[in-house]
Amino acid sequence: MHKSEKIWLTLSFGMMMLFMLTMGYHAFSQGMYPPGGMERIDPQKVDETPPFDRPGIRQVGENEYEVVMTLEAFVFAPTEIEVPAGSTVHFKLTSKDVIHGFQITGTNANGMVIPGYVLNITQTFDRSGKYLVLCNEYCGAGHAYMSGTVTVL
Amino acid sequence: MTAHVQPLTERLNRVFGVHPKDAQVTKSYLLVAFAALLVGGLCGLLQGLNRAGLLELPSWFDYYQVLTTHGFTLVVIFSGFFMIGYFYSALSHTLGGLLPRVRKMAWTGFGLGTLGSLMVVVMVLLKEASVMYTFYPPMRAHPVFYFGLVLIVLGIWTCCFGAFIQVADWRKRHKGQHLPILAFFATGAFILTLGATAFVAVEVIVLILPWSLGWVDTINVMLARTLFWAFGHTAVNIWYLTAVSAWYAVVPRVIGGTLWNDTLTRVVVVALMIMNITGGFHHQIVDPGITNPIKYMHVFMSLAIGFPSLMTAYALFAVMERAGRRKGGKGVFGWLKKLPWGDVRFVSPFVAMLAFAPAGAGGIAQTTYQLDSVVHNTMWIPGHFHLTLGMSTAMTFFGLSYWLIPHLSGRVLTPAINRLGLIQTAIWTAAMIVMGFAMHTAGLLGMPRRTEFATYGDFAASLGWDPYLPLLGIGAVLLLIGVVIQVYAVVHLAFFAPKGVTEFPVAEKEPGDVSGYWTERWGVWVSLMIIVVAMAYVVPIVDMIANAPPGSPPYRTW
């Protein structure tokens, strides 16, 4: 093997390792995990299962809210959410039918809502304004019309 | 006169390794591949125009039917049929002709794959299967759609085993010898294909079919999705490995060079084969139902594939530099001038290689634990695979077609078609740059993928997507022009170009470049692959089955 190739491969290997370590550090010691969660739910009994029997927003602390939301073709419930600027919002999401996506444009809140599971996403809204919530996984004929808003006052 | 010339051409063809019956096999696969390219390209045009806000699609052929057809014809049929046709001709050429029973298997695979593809496409056109090429349950397509998928998988398996029989037979007759390099690539690619399709076969046959026929009421959605991505992620990497085989073994010959390093080339094949299936969860980083450490392990395994790709990057440019310098190229960049810039067989795959730099970097970004949330399911993702598949893979396949098809049809590449190929390469490159830029940027601004033209009230305008939409339309129009030129060139080279002999270019080794026989220990490589796959999948899959939530009934939402 040529010397330059050895140098290139060593650098490549080091770069990948550094990348992995940085990512691992952010995740495991700073808690920057991707959205997820291991809670399960019967997808055919969402309406009867707490907390999804009463979708909506409730305050859980100072500047802290929990939004319980159900997704079905082609609606987010609740569709419109209002929070004060500076709030941290914990979204709990589940689907009543097919797989949907949940994305708040202008933020990094983005995840898959899969029937049978509860997806947890936490997002802090510092800037006031109106944010678009949209379904970003194809879910049927009305997919492009599945949207909502988060208004930060 | 002709009577005298004809046998000479045939003899020459034999010397150059064309076996007429094998040529027929590959020609048939390639013609289906390019027919799929035409259909997929037309659908791409309709999508681009819709997304640009210029075209409202009729209800009997709506955006999601168009998109499902586009994805399926290009990601599965074009790439799959090209890969099988190309590798079968490589096996025929480098291993002394296909065995009669292997040729029969190739035809069986062709029949199964073509019939299966037709069943799938017809169901989509009838609006019975607007489920995208990922067909995530609990959306349920017509059962014929799934039977079509089963036939395709059976066809692919027939071709995999045909290749294994061919290779095993050659090894038995050539004890202690290394498999020729392209046959080595083919073996690795077919092993990977078998491993990947095993997952999707379980998904379709065990989970989906009984459920779609109504024999069981519910389906394990998460398990199906996970099995799909064990296949789906690997499939694109199989097309990539196919392109890589040409970069290592064909392009050096076209530019008058030699193989970079026989051992390292084989190591890259083995590494890509062992590590590929295990990255599937990077498509599921923002899914629930998978623990954080397991997601992290999959991210690690996905990024590990970056290492053999970086080995490849070095090798490709080192080969070009060496060839250029031997032709008298001086100075730091003088060797570049000595490369055959007027030869489409080089230029098209060269652009493909260059495209893999941004494509690979974007892939690494979106595979990371935290950055995935920024781009997941946005237009960034199709932007990414229009670079990887649409440029790196497709442009390599296009470049191969300019010698592979005349080689098989006993014709020659004329200067006129070569010039046309260069024009095609320029159009395709410009179009994909426009398209890739627009898609990546719109994706960063939050524009979702797999969504027909939508303004979300007045939101889309305020989000800054609008300037990029016309670019999608322009890209799609240019790409369709590229597709039409490419298909014309293929048909011309297959049926109308002047008769003659075209070489199957395979690079020779450098003098003194000898590999250890350890690279041929396929039993070890396959065992390692199974161990790594087991590490990645046994724990999460057992968890998804043992702790499964109640399943989902079928839905039809289109």
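1. The open sheet of chain A has five strands in the order S4-S10-S9-S6-S7, with mixed pairing. Strands are DSSP runs of E of at least two residues, helices are runs of H or I of at least four, and both are numbered from the N terminus. Two strands pair if DSSP finds at least two bridges between them. Strand S4 (80–83) and strand S7 (110–113) of chain A stand at the edges with a single partner strand each, so one side of each has no neighbour in the sheet.

2. This is a predicted model, in which local features need pLDDT of at least 70 and side-chain atom pairs count only at pLDDT 80 or more, whereas totals for chains, interfaces and linings use all residues. Residues are numbered from 1 along each chain as its sequence is written, while chains are lettered from A and ligands numbered from 1 in the order in which they are written.

3. Within the sheet, strand S6 (residues 100–104) and strand S9 (residues 129–134) of chain A pair in the antiparallel sense over two bridges. A:Ile104 has A:Val133 in S9(A) as its bridge partner.

4. Chain A as a whole has one helix and ten strands. Its C-alpha atoms fill a box of roughly 65 × 35 × 30 Å along the principal axes.

5. The contact between the chains takes 53 residues from chain A and 50 residues from chain B; two residues are in contact if their C-beta atoms, placed from the backbone, lie within 7 Å. Helix H7 (221–249), helix H10 (292–304), helix H11 (306–326) and helix H14 (372–375) of chain B each supply at least two residues of the side that touches chain A.
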